[in-house]
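Keep the structure open as you read.

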Amino acid sequence: MKRKISFADLSHVTLFLGILFAVLVINIFKPADVISFSERRKLAQFPEISIPAVLSKESMDGFDNYSVDQIAFRERYRRLKAVFDTKVWFKSDNNAIFVVGDQVFKTEYPTNFNSARRLCDVLNYVYDTLPAGIEARCAFVPDKNYYLGETRHLVMDYKELSAFVYTCLRDGIEEIDLFDKLTLDCFYMTDSHWRQDRIGAVVDAIYESFGSAASFDSGIYTTEVFSPFYGVYYGQSALNVKPDDLLYLESSFTKNAAVSSIEQPGVELCVYAEDQLGGVDSYSLFMQGPQAIIRAENPQEPSGRELVIFRDSYASSLAPLLLPGYSAVTLVDLRYIRPDLLGAFIEFTDQDVLFLYSATLFNNSDSIKSPPQEEFISPFVARSVIG
Amino acid sequence: MLFSSIPFLYYFLPVVIAVYFLVPRKLRNVILLLASLFFYFYGEPKYVVLLVFSSLMDFTASRVIGRYKGRGAAKAALAFSVTMNLLILMFFKYSDFIIANINSLLGSSIPALGIPLPLGISFYTFQTMSYTIDVYRGEAEVQKNPADFMAYVSMFPQLVAGPVVRYQTIANQIKGRTHSLEGFASGAGRFVIGLGKKVLIANALGELNKLALTAKDPSVLMYWLAIIAFMLQIYFDFSGYSDMAIGLGKIFGFTFLENFNYPYISKSITEFWRRWHISMGTWFREYVYISLGGNRVSKLKWVRNIAIVWFCTGLWHGSSWNFVIWGLYFGVLLVIEKLFLYEWLQKLPAVLSRFYCLFIVMISFVIFHIETAQGIFDFIKGLFSFSSLPLATTESLYYLDSYKVVLIAAVIGSTPLLKNLVVKAREHTGLSAAVKSVYPVFTAALLVIVTAYLVDSSFNPFLYFRF
């Protein structure tokens, strides 16, 4: 006897197979994307298929990554997951990203004192190689989570970390306290960085610390706007948050500065790399983005006074505002150059030296390059060896 | 290849389903075999040879057993099959454990072999052993078609993480099985529900467990969160996998036995083991406990039999002493229950006996989860350090708040409450049609949500893959 077909079973099988085959067919015909703008990374491509690659499982691992990275409607799936996590599971964050009002934050927790100590050791190494009498300062940049105030989210103890950093650094490196120079409004809503148009107080604190008569004068700048600016957290959150406007301050100093990078010898660069706007990271507008050593010379300041900033990306938007006070500002990123190699590119004489790092980098200093081990003995290691 | 992965869901599965249902019936076992070998090859390209060797060895042994039934050659073939399976298992799974113990006992320094554990080896060696033993006992017919036998051993729905399907359970289905729309629909639903249990619940609980174990500041709440999350994670992970295996089996016309039956509602450890990983428990009872004489021996020998079974059960879960202790811990409790405690527990109010069982199981999972004796001791101490540790910290309260809905859903999902509600609604004349029409939409939505989670996180291993 023939069984009667149930409509429920038929619709169940149709839906199940429909989804499976629809995704299969769409994925087969969908051209592969190269970059995920929201995640700011290259997407996996179809793997090499060869006998050695198959036997070593490289092809299969590659296909696993490819199939996930290249799935059609990837961004919509990511958004669905974020919505499910936050609106159904009511999780406090999605992949450590959380939203308060219009601001997007990333959980930075717990405090990693070992990491901070490691960065301090490298900075001390740099300081020890500087000529005697050079003026050195350190500015610890609290990230925007510090300004959340009373919150149910996990926030590290920024004051404690900052105090620890200054304890670890050489006595000759003086502190520039930035905690009260910033507020939550000084940061982008969808990005980790501070807004260039709101850090005048930071510029003044640096000038003051080095005994410079210069000060931040908003009147000399015209404000340029790029919109919409999708900050680093925008893509990571995968939620429907409002993008930012990216504001940058132009002046005769920024327009006339001669900018050069050791990575592009002989090429004349600009303070603002406008070709980066709308790219993977629009924040790379400032001082050409990630660079090992980049130098901006200010022909309008003949004093010959120079500033060298050992820095992370926060200094990229700060440096243009320091040009009026210096003949040259050099940015050194120890994530891209080993500190023992600096002598080949910079001759240290009497420059002002500023170590400017965010709390996030102190807490995650793995990317900072150390000098070769035989030359580099951390004072903490040395102390324990002697002890 | 993981079931909870994009390559499986949206490449392998639709292609296999299409080919399987398009070819003539007589070729379906061959398709299933080829698909299963590809499935295994994708995860373990080199060890596929071991899987084929193991299957062919047991196929040959069983043919000899069948041919020389009741004679010495049959016994020798059985002994050969069992010994070889155990040697394979010992070499690939336990050699480094044995070497480490020899080194610590004799002070020697024999280097570890560092052999990667072949996927699913504990499952498929047990299946093939059960087959030859059943043939020897006359409880299963000899399979004469090597392709059909290999299709049974390597069948991808249950190959890498069970359930341990005994040959006699599906012998007739290998020969010929019916495929129906109803069976397909029911299998698809079961598969997607298992997928949801694994991806939406077990993985979230795994995150919570990891966060709690690596918390900056310890607190009593953190210890409780860690172990409760682990208890629920392992249940949803493993039972989710079993659901997927059973569901896939149904799609291809097979009926596998249930592997979990809401173990956390048990009122005794005896009952717990009737509800937890049923296929493994059945295997050890049938092939070890009963072979040793079961309970039809002197009390001393009975205790010995239980000790052997639970020593093996522990060791089966992993090549480390904590697993052995975990198994023996249950062995001791089962002896105690069988001697007197079980009867007492029956007289207690259900809430108390359930609390007893959950507490014992919780402690067992501390032993299971934490590898060192000191770590186990510290963890158990942490659970009850009400005076020396803070009850809660900002961190632990944050995680509790963040995962509270997942935890509540997991607790409810580990009881038959939802299942009973659905059954009642189906029986209700007014609701039956609504439930029937909502269910396909629900599973389709669940599949899309699971896909969203898989897209967001590509690395998604199953806990039971290395057992």
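## A histidine between two helices

In chain B, B:His277 sits in the loop between α10 (269–275) and α11 (278–289). Helices here are DSSP runs of H or I with at least four residues, strands are runs of E with at least two, and both are numbered from the N terminus. B:His277 isn't a glycine, yet its phi is positive, near 40°. This histidine is also buried, with 21 other C-beta atoms within 10 Å. (Buried means 20 or more other C-beta atoms within 10 Å of the residue's own, exposed means 12 or fewer, and partly exposed is in between, with C-beta atoms placed from the backbone.)

A word on the ground rules: this is a predicted model, where local features need pLDDT of at least 70 and side-chain atom pairs need 80 or more, while totals for chains, interfaces and linings use all residues. Residues are numbered from 1 along each chain as its sequence is written, and chains are lettered from A and ligands numbered from 1 in the order in which they are written.

A:Ala238 is another non-glycine residue with a positive phi, about 60°. Look for A:Ala238 in the loop between α8 (232–237) and β8 (244–250) of chain A; it is buried, with 24 other C-beta atoms within 10 Å.

Chain A has cis peptide bonds too. One joins A:Tyr109 and A:Pro110, with omega about -5°, and A:Pro110 belongs to the loop between β4 (103–106) and α5 (113–129) of chain A. Another runs from A:Ser227 to A:Pro228, with omega near -5°; A:Pro228 is part of strand β7 (residues 222–229) of chain A.

## Strand β5 and its neighbours

Strand β5 (residues 135–141) of chain A is mostly covered, with 5 of its 7 residues buried. β5(A) pairs in the parallel sense with β13 (residues 352–358) of chain A over 7 bridges, where pairing takes at least two DSSP bridges between the strands. Within that pairing, A:Val141 has A:Ser358 as its bridge partner.

β5(A) also pairs with β6 (residues 173–176) of chain A, again parallel, over 4 bridges. There, A:Ala139 is bridged to A:Ile176.

## Where the chains touch

The contact takes 42 residues from chain B and 40 residues from chain A, contact meaning C-beta atoms, placed from the backbone, within 7 Å. On the chain B side, α18(B) gives the largest share, 15 residues.

Methods:
Two residues are in contact if their C-beta atoms, placed from the backbone, lie within 7 Å.
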